[in-house]
Amino acid sequence: MTNKYMYFVANWKMFGDLRTLNSLDSIIKFSNANKKNKLKIVYCPPNTLIRPLSKRLKKTKLEVGAQNCHENENYGAFTGSVNAGMLKNVGAKYIILGHSENRQSGETDKLINLKIKSAIKSGLKIIFCIGETLVEKKNKKTNQVLAKQINNGLKSIKNKSNIILAYEPVWSIGTGLIPKSNDLLKSVSFIKNRFGKKPPKILYGGSVNSNNVAQLKDIDIIDGFLIGGASQSSKKFIDIIKKTFN
Ligand code: PGA
């Protein structure tokens, strides 16, 4: 596990203001002290913090990402929206797309596909989220749902080199529940196998914390974690990283 790069992606959702950035001093220190570890730490704050955060992280190994974008790659009359290029311009290197919180408020596979294409054109790395709901899981539809989300979300995208998958069961996000190891292994293997010889990196997301990460990291086809709630505390976030490398 420690032989490959592990991703730790912080999804801050709609939390944080300029003062919050001070709390990152400890993670910057931690990252500087652990330069030899194969670590990729990516902070995805709200759009308002992308610029100040990327300035603050300039001389560090930490990177910055966004959480969503408009699908239009050009400027346009879309009140309240920003596109991928605009996010790149202020310092984002990554972007989370297809998060279930956005799917639940109406984002379709088709729209996600357009967003992914625009983000690729803008040169961002994409963290493409997929995952089944509890009802779908109970109805044994997990693989079917994952296959549909992958096929439609990545439709007619040939070069997938900038795409990282994040498997996030909807029922696991923010609930404290994580999948049984065997189920998680099956789902991640299923996702990987759909990509043939060149599988993407696959992260797990959903209630990752410093208590359950030891169990999660044992599934060695997982390339890292997408972390919501626990990423808002630098201490908890660092604990997760430490326990992954222990
Ligand atoms: P959580 O969120 O870690 O709070 O469950 C994960 C996510 O929504 O990406």
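## About the model

Because the model is predicted, local features need pLDDT of at least 70 and side-chain atom pairs count only at pLDDT 80 or more, while totals for chains, interfaces and linings use all residues. Residues are numbered from 1 along each chain as its sequence is written, and side-chain values use heavy atoms, with hydrogens and water left out.

## Around the ligand

Let's start with the ligand. Its surroundings are Asn11, Lys13, His99, Glu168, Ile173, Gly174, Gly206, Ser207, Leu226, Ile227, Gly228 and Gly229, where a residue belongs if one of its heavy atoms lies within 4 Å of the molecule. By class, this shell has 3 nonpolar, 7 polar and 2 charged residues. Here Ala, Val, Leu, Ile, Met, Phe, Trp, Tyr, Cys and Pro count as nonpolar, Asp, Glu, Lys and Arg as charged, and the others, Gly among them, as polar.

For Gly228, a backbone N or O atom sits 2.9 Å from an oxygen atom of the ligand. Taken alone, the ligand exposes 280 Å², and the protein buries 95% of that (Shrake-Rupley areas with a 1.4 Å probe).

## Helix α8

Next comes α8, residues 181-193; helices are DSSP runs of H or I with at least four residues, and strands are runs of E with at least two, numbered from the N terminus. The expected span is 1.5 Å times one less than the number of residues.

Which residues of α8 are buried? They are Leu184, Ser187, Val188, Ile191 and Lys192, buried meaning under 20% relative accessible area and exposed over 50%, with a 1.4 Å probe and protein chains only. These residues cover an arc of only 135 degrees around the axis, so they lie on the same side of α8; the arc uses directions from the helix axis to the C-beta atoms. The face turned away from the buried side carries the exposed residues Lys186 and Asn193.

## Two serines with positive phi

Most residues other than glycine have a negative phi. Ser156 has a positive phi, near 55 degrees, and is placed in the loop between α7 (142-153) and β6 (163-167). At 60% relative accessibility, Ser156 counts as exposed.

Ser207 also has a positive phi near 55 degrees. Ser207 is in the loop between β7 (202-205) and α9 (213-217), and is buried, with a relative accessible area of 16%. Ser207 is also among the residues surrounding the ligand.

Note on methods
Polar contact = N/O pair within 3.5 Å; in protein donor to acceptor, adjacent residues only side chain to side chain.
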